[in-house]
Amino acid sequence: MTEVIVLNGGSSSGKSGIVRCLQAVLPDPWLALGTDTLVEAMPASMQASDAGIEFAPDGQVIVGPEFRTLEAAWIEGVAAMARAGARVIVDEVFLGGADSQERWQKALGGLRVLWVGVRCDSAVAAGREVARGDRVIGMAASQADVVHRGMVYDLEVDTTHAESMECARTIAAHVS
């Protein structure tokens, strides 16, 4: 039985919409946790420090050692929840590509994980970013491809033309 679904994609690729739809179509309750959850849980001072996380004017995201320490604890915490019986959907942005996946693979060792790549044409994601109004302009374009470098997925979906529900149903069909 699948215990964890990890969705990886760039900013504004449609991951959050897919997560909400997955929670609606999967027969059992699933917790939704993601990188935004982690960032929102951090003190505001972490966003004003070289050691924390910075969102550059051009959309780049720069993370420091204090962020990495808290992120490592958070990843282990998510894995512990899954081991304790919670089914978890992780909404992630693997800025480090394969290195980011490796950190999660280590923490999720022994759990049944469905790895899903969420792709979206960078121009489409950039348009969504502007429409959202809550992201630094440029983030979607800078992340669209880099988050998938060196990644190994069980399944990929593309939200360029597919709706969130369609993608969620495709993913749900692979959940055992």
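Contact here means heavy atoms within 4.5 Å. The model is predicted: local features need pLDDT of at least 70 and side-chain atom pairs count only at pLDDT 80 or more, while totals for chains, interfaces and linings use all residues. Residues are numbered from 1 along each chain as its sequence is written, and side-chain values use heavy atoms, with hydrogens and water left out.

**Exercise 1. Lys15**

Task: Find where Lys15 lies, state whether Lys15 is buried or exposed, and list what Lys15 is in contact with.

Solution. 
- Step 1. Lys15 is part of helix 1, residues 15-25. Helices (H or I, at least four residues) and strands (E, at least two) are DSSP runs, numbered from the N terminus.
- Step 2. Lys15 counts as buried because its relative accessibility is 6%. Buried means under 20% relative accessible area, exposed over 50%, and partly exposed in between (1.4 Å probe, protein chains only).
- Step 3. Apart from neighbours within four places in sequence, Lys15 is in contact with Leu7, Asn8, Gly9, Gly10, Asp91, Glu92, Val93 and Val118.
- Step 4. For Gly9, the backbone oxygen lies 3.1 Å from a polar atom of the Lys15 side chain. For Asp91, the side chain meets that of Lys15 in a salt bridge (3.9 Å, N to O). This pair links distant parts of the chain, with Lys15 in helix 1 and Asp91 in strand 5 (residues 88-92), 76 residues apart.
- Step 5. Asp91 is buried, as is Lys15.

**Exercise 2. Salt bridges**

Task: State how many salt bridges the structure holds, then describe the pairs Glu71 with Arg103 and Arg119 with Glu156.

Solution. 
- Step 1. The structure holds five salt bridges. The criterion is a side-chain nitrogen of Lys or Arg within 4 Å of a carboxyl oxygen of Asp or Glu.
- Step 2. In the bridge between Glu71 and Arg103, the closest N and O atoms are 3.9 Å apart. Here too distant parts of the chain are linked: Glu71 is in helix 3 (residues 65-83) and Arg103 in helix 4 (residues 98-107), 32 residues apart.
- Step 3. Glu71 has a relative accessible area of 8% and is therefore buried. Arg103, with 32%, is partly exposed.
- Step 4. Arg68, Glu71 and Arg103 are linked in a network of salt bridges.
- Step 5. Arg119 forms a salt bridge with Glu156, and their closest N and O atoms are 2.4 Å apart. The pair links distant parts of the chain, strand 6 (residues 113-119) for Arg119 and strand 7 (residues 155-158) for Glu156, 37 residues apart.
- Step 6. Arg119 counts as partly exposed at 29% relative accessibility, and Glu156 counts as partly exposed at 43%.

**Exercise 3. The aromatic pair**

Task: Classify the one aromatic pair of the structure.

Solution. 
- Step 1. The structure holds one aromatic pair. The rings are those of Trp74 and Trp104, with centres 5.7 Å apart and planes at 90°, so the pair is edge-to-face. Rings of Phe, Tyr and Trp (its six-membered ring) pair if their centres lie within 6.5 Å; planes under 30 degrees apart count as stacked, over 60 as edge-to-face and the rest as tilted.
- Step 2. Trp74 in helix 3 and Trp104 in helix 4 are 30 residues apart, and the pair links distant parts of the chain.
- Step 3. Both Trp74 and Trp104 are buried.

**Exercise 4. Cysteines and helix 7**

Solution. 
- Step 1. Cys120 is in no disulfide, and the nearest cysteine sulfur, that of Cys167, is 9.5 Å away.
- Step 2. Cys120 counts as buried at 10% relative accessibility, and Cys167 is buried with a relative accessible area of 3%.
- Step 3. The buried residues of helix 7 are Cys167, Ala168, Ile171 and Ala172.

Definitions and conventions
A polar contact is a pair of N or O atoms within 3.5 Å; within protein, one must be able to donate a hydrogen and the other to accept it, and residues adjacent in sequence count only if both atoms are side-chain atoms. A disulfide is a pair of cysteine sulfur atoms within 2.5 Å.
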